[in-house]
Amino acid sequence: FLPLHPAAPHKFLKGRFNKDLSCDIAYVGNMYGSRINEYEFLKDKFGDGVKFFDNKFGQDLADLCVSAKVVVVPNFPFDDFCWSDRIYTILAYGGLPFHPRTYGLSEEGFVDGKHYVDYQTEQDFVAGLSSLLEKGSDKMRKEIIKNGQELVRGITYDQRIKTIIDNVNSL
């Protein structure tokens, strides 16, 4: 059994700042289930600094990643052993992912506060975002993005597939 885990795209797109996408917090993804409550909670706590974006892919997503200070990855439907490729893609495109705490990411080498910022509880959610948005946090955000990009350069789909093929050939 050789799973194909999520990974970064083989091509890292360079985003361009877009004032229409500019915001403190970008909430990206389809709106359904508990995501609706999560988004409403964000809007209640952070107001107009939060914008919702649906169907952002490729260059549009890369532009969003560099235009928003933080990109929130919704908490649902992920768990410790299931997550999407969003964290890899956001980093590859120059964004700062705020991601649900996921055990599997630590096995990949991701370190909270170094490669991304995670949250688990409502308190983590508010405290984490508040610290990322406080005055003077630009340098910290840029350092996390830089570290995260370096990490995901070694975790692309091309590399994942090569590992699977090498494993199959060694059987």
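## Architecture of a predicted single-sheet chain

From the N terminus on, the elements of the chain follow the order β-α-β-α-β-α-β-α-β-α-α-α. The model is predicted, and its secondary structure comes to seven helices and five strands. The radius of gyration of the chain is 16 Å, close to the 16 Å that the globule rule gives for 171 residues, so the chain is as compact as a globular protein of that length. Along the principal axes, the C-alpha atoms fill a box of roughly 55 × 30 × 30 Å. Buried residues account for 47% of the 171 residues. Of the contacts with a separation of 6 or more, 75% are made by residues 24 or more positions apart.

The five strands form an open sheet with parallel pairing, in the order β2-β1-β3-β4-β5. Its edge strands are β2 (50-53) and β5 (117-119), each of which pairs on one side only. From one strand to the next, the twist averages 25 degrees. Within the sheet, strand β3 (residues 68-72) runs parallel to strand β4 (residues 97-100), and two bridges join them. Valine 72 stands opposite phenylalanine 98 in β4.

Helix α2 (residues 58-67) lies across β1 (23-28), β2 and β3, and runs at about 115 degrees to β3.

Helix α6 covers residues 138-152. At 1.5 Å a residue, the 15 residues of this helix should span 21 Å; the end C-alpha atoms are 21 Å apart, which agrees with that expectation. The buried residues of α6 are Arg141, Ile144, Ile145, Asn147, Gly148, Gln149, Leu151 and Val152.

Glutamate 108 belongs to helix α4 (residues 103-108). Its side chain makes a polar contact with the side chain of tyrosine 88, at 2.9 Å. When neighbours within four places in sequence are left aside, glutamate 108 is in contact with Pro6, Trp83, Tyr88, Leu151, Ile155 and Arg160.

| Helix | Residues |
|---|---|
| α2 | 58-67 |
| α4 | 103-108 |
| α6 | 138-152 |

Terms used. Residues numbered from 1 in each chain as written. Predicted model: local features only at pLDDT ≥ 70, side-chain atom pairs only at ≥ 80, totals over all residues. Heavy atoms only, no water. Pairing = 2+ DSSP bridges. Helix = DSSP H or I, 4+ residues; strand = E, 2+ residues; numbered from the N terminus. Axes fitted to C-alpha atoms, helices over the stretch in contact; angles between N-to-C directions. Contact = heavy atoms within 4.5 Å. Polar contact = N/O pair within 3.5 Å; in protein donor to acceptor, adjacent residues only side chain to side chain. Expected span 1.5 Å × (residues − 1). Buried < 20%, exposed > 50% of the residue type's maximum accessible area, 1.4 Å probe, protein only. Rg over C-alpha atoms; globule rule 2.2 N^0.38 Å.
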